[in-house]
Amino acid sequence: MTESASRFLHALAQTFSSLGLYVDGHPARERAVDKAHERLSELQEEHPTFKLTILGEDLIFDEIPLREFKGWDWCDRLSGAGIQRVEITGPVGRGDFEVFLDEAMGRLAGTPEATAAARPSRPTNIRLGLVAVKQQEEQRVAEDSEEQEKTDGRPELTMGAEIEAIEWIQQELKEGRMLPLLEAEALVRTLSRAMHDGQSFLMPLVHLKRHDEYTTTHALNVGVLSMALSEFIGLSKKDVQAFGISGVLHDLGKVKVPTDILNKPGKLTPEERALIERHPVDGAKMILDSKQPMDMAAVVAYEHHIRADGKGYPNLHYGRSCHPASDLVHVCDVYDALRTHRPYREAWSAPKVLGYIRERSGTEFDQELATAFLDMMEKWESQIALVTSRDQELPTAPPSTPVGSPATESPVLEGVPTG
C-alpha cells in the first residue's frame with residue numbers, strides 16, 4: 001500500500017474519534033476534519049479514484065489487501081454500521097467530505113436518518129455503503145494477504161486529543177455548566193483504544209512540565225491506571241469502563257480551587273487546606289447535579305481520599321468501608337500524584353512510590369488492591385509509556401500479559417455494582 005493511503009486511514013480514524021468526543025464547532029473537531037481532508041487530498045494526488053472495501057478482518061485498497069490494517073477495530077465498527085465500502089470517484093472538496101463524515105457518524109451512532117437533511121442534492125465524488133462479496137473473492141483476499149509484504153506502519157497515536165478533552169470538560173465546569181457525560185464517556189473509550197494497540201497493551205502516562213496542566217494530566221493518568229488495574233484483576237469490560245470514568249472524574253471538585261492555591265510552593269494556611277479538602281464533596285455534588293446515572297463516580301469522587309483505616313478526608317462520622325472502586329482509584333491517585341513534580345516537592349522515583357504503597361498496604365491502602373497494583377506495575381512495567389508532550393507519538397507496545405486474566409484473586413471486587 002502507499003504511505004499516503006496509510007496516513008489518510010489513520011487520520012480518518014482519529015477524525016471519527018474526535019467527532020464522537022467533541023461538540024460541533026469545537027476547535028479540536030475542526031482540526032481533525034482539516035487533517036483528514038488534507039490527507040485525502042494527498043492520497044488523491046497519487047490515486048485520484050479508489051475503493052476501500054472491508055471484508056471481515058481485511059481492509060482492501062482497490063485490489064490490495066492492507067496487512068497493516070488486518071483486524072483493525074474500525075473494520076468491525078464500520079462494517080457493523082453498514083459501511084463496507086467507501087468509493088472515491090473524483091476530487092472531494094471539504095464540504096463533500098464533511099457530508100460523508102456526517103453520514104458515517106450517523107450510521108455509527110445508529111441514527112442515519114438524522115443526517116439525511118445534510119446530504120447535498122447533487123451527486124458527490126465520495127460514496128459509502130454495503131458490498132456483496134463472493135466466497136471465492138474472500139478466499140483470494142486471504143491468500144493475497146499472506147503474499148502481501150508486511151509493513152511496519154501504525155496509527156499516529158498521541159494523547160493530544162485526550163488532553164484537550166479533559167481541559168474542555170474542566171472548563172465547562174469552571175464556567176458553571178453541567179458535567180458533559182457523553183464527552184466523559186467518549187474520552188474513556190478513546191483512552192481504552194490508545195491502551196489497546198492491536199494485540200498489545202500500553203499504559204500511556206502523561207507527564208507535562210507546566211504546573212497548571214497538572215489537574216488535566218492527573219485525571220488522564222488516574223483514568224488509565226484505574227482501567228489498567230481493573231483489567232489486571234479480571235473485571236468485566238463494563239466495569240473497567242465504569243472504573244475508568246470514575247478515575248477520570250475523581251478530582252473534578254478541584255476546578256473550584258484557585259490555581260494559585262493548588263500550585264502554592266509554600267505551606268498552606270488552615271483556610272487554604274480546608275478549601276482543598278472540600279474538593280471531594282464539591283466533585284461528588286457536580287456529578288450528582290448532572291442528573292446522570294453515575295452514582296459510582298460520585299461515590300469515588302467523595303471517597304477517594306479516605307484511607308483503608310478510616311483516616312483521611314472527608315472525615316467520616318462513623319467507621320465504614322469505602323466502595324471498592326474508591327479503594328482502587330485511591331491507590332492509582334496516590335501513585336500518580338507522588339510520581340509528578342509539584343511546586344512544593346520534587347517527583348518521587350517509581351521505586352520510592354511503590355515502596356510507599358507497600359509499606360502502607362492495609363493501613364492507608366486496601367491490602368488486596370495495593371498488592372494487585374504492585375504486582376501489576378512489576379509485571380507490566382514494559383507497558384508503561386511516559387508522554388511528555390501533546391504531540392508525542394505513542395510507541396508500539398510490546399506483547400503483554402493477556403489483559404482480562406486475573407493476576408491476583410480479589411474477592412472484594414466480585415459483583416461490583418457500577419451504578
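Which helices each supply at least two residues of the lining of the second largest cavity? They are helix H6 (160-174), helix H8 (214-232) and helix H9 (237-249). Helices here are DSSP runs of H or I with at least four residues, strands are E runs of at least two, and both are numbered from the N terminus.

This is a predicted model, where local features need pLDDT of at least 70, side-chain atom pairs count only at pLDDT 80 or more, and totals for chains, interfaces and linings use all residues. Residues are numbered from 1 along each chain as its sequence is written, and side-chain values use heavy atoms, without hydrogens or water.

Stay with that cavity. A cavity is a set of points, on a 1 Å grid over the protein atoms alone, where a 1.4 Å probe fits but cannot get out; lining residues have an atom within 4 Å of a point. The second largest cavity holds about 80 Å³ of space, a volume being the space filled by probe spheres set on the points. H6 gives the most to this lining, with three residues. Among the lining residues are Ile 166, Thr 215 and Val 248.

Now turn to the largest cavity. About 150 Å³ of space lies there. Its lining has 16 residues, and Leu 12, Leu 52, Ile 54, Leu 78 and Val 86 lie nearest the centre. H1, strand E1 (50-55), helix H3 (73-80), strand E4 (85-88) and helix H4 (94-108) give two or more residues each.

Finish with H1. In this helix, 15 of 19 residues are buried, meaning under 20% relative accessible area (1.4 Å probe, protein chains only).

Conventions: Buried < 20%, exposed > 50% of the residue type's maximum accessible area, 1.4 Å probe, protein only. 1 Å grid on protein atoms, 1.4 Å probe; cavity = no way out; pocket = protein on both sides within 12 Å on 5 of 7 lines; lining within 4 Å.
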